Amino acid sequence: MIASADLVALLVESARGFNAYRAAHPGEPVELAGAELSGRDLAGADLRGANLFEANLSWTNLEGANFEGADLRRAWLEGCTLAGARFDAARMDHANLRSAKLRGATFRGVSLRWGTFQHADLRDATFDGANLRRVVFCDADLTGAAFRNANLAEADLRWATYQLDAIESDLAGACIR
């Protein structure tokens with residue numbers, strides 16, 4: 001098993017090399033909790049199931065990255081480019097995605113309670129079955145986003161751009177002024 005610091009170094013050096021290592025060691029855990037990865041180009045990184053608890057990924061290019069089943073609780077993803085990224089079944093409670101570019105990203109079945117998407121670009125994103133309780137979407141662009149069976153209890157949608165009739169979820173308790 002490779003040490004956490006060595007995994008960080010491999011990822012920073014090349015997302016492609018990191019992905020090749022993951023393919024060669026499919027059962028090995030990816031421990032990146034608390035990692036400092038801000039401002040990097042990690043487009044296409046395979047971070048499925050990775051432990052990124054409290055990791056700093058702010059202002060990083062993660063376009064097309066795969067975070068399926070990852071632990072991103074309390075992670076910093078502010079200002080990231082995450083277009084087309086997959087977060088399905090990830091744990092993201094208290095994650096900061098302020099000003100992130102998430103066009104076409106998928107969040108199916110994600111737990112993102114108390115997270116923030118303030119000023120984020122979420123056009124055409126998918127939140128089907130997601131737990132979005134108390135999530136802040138203030139000033140976010142949710143044009144074309146899908147919310148089938150999502151929990152939006154107490155979510156803050158003030159000043160966000162969205163189509164109310166396109167949200168196929170219960171908005172009871174949500175702040176939508």
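The chain's secondary structure comes to two helices and zero strands, where helices (H or I, at least four residues) and strands (E, at least two) are DSSP runs numbered from the N terminus. Its radius of gyration, taken over C-alpha atoms, is 16 Å, close to the 16 Å from the globule rule for 177 residues, so the chain is as compact as a globular protein of that length. That rule is 2.2 Å times the number of residues to the power 0.38. Please note that this is a predicted model, in which local features need pLDDT of at least 70, side-chain atom pairs count only at pLDDT 80 or more, and totals for chains, interfaces and linings use all residues. Residues are numbered from 1 along each chain as its sequence is written, and side-chain values use heavy atoms, with hydrogens and water left out.

**Whole chain**
- The C-alpha trace spans about 50 × 25 × 25 Å along its principal axes.
- Of the 177 residues, 46% count as buried (under 20% relative accessible area, 1.4 Å probe, protein chains only).

**Helix pair**
- Helix H1 (residues 4-13) and H2 pack at an angle of about 130°, with axes 5 Å apart; axes are lines fitted to C-alpha atoms over the stretch in contact, and angles run from 0 to 180 degrees between N-to-C directions.
- Leu7, Leu10 and Leu11 of H1 meet Ala15, Gly17, Phe18 and Tyr21 of H2, with contact meaning heavy atoms within 4.5 Å.

**Around Ala130**
- Ala130 lies in the segment after helix H2 (15-24) and is buried, with a relative accessible area of 2%.
- Leaving aside residues up to four places away in sequence, Ala130 touches Phe107, Gly109, Val110, Asn149, Ala150 and Asn151.

How values were computed:
Buried means under 20% relative accessible area, exposed over 50%, partly exposed in between (1.4 Å probe, protein chains only).
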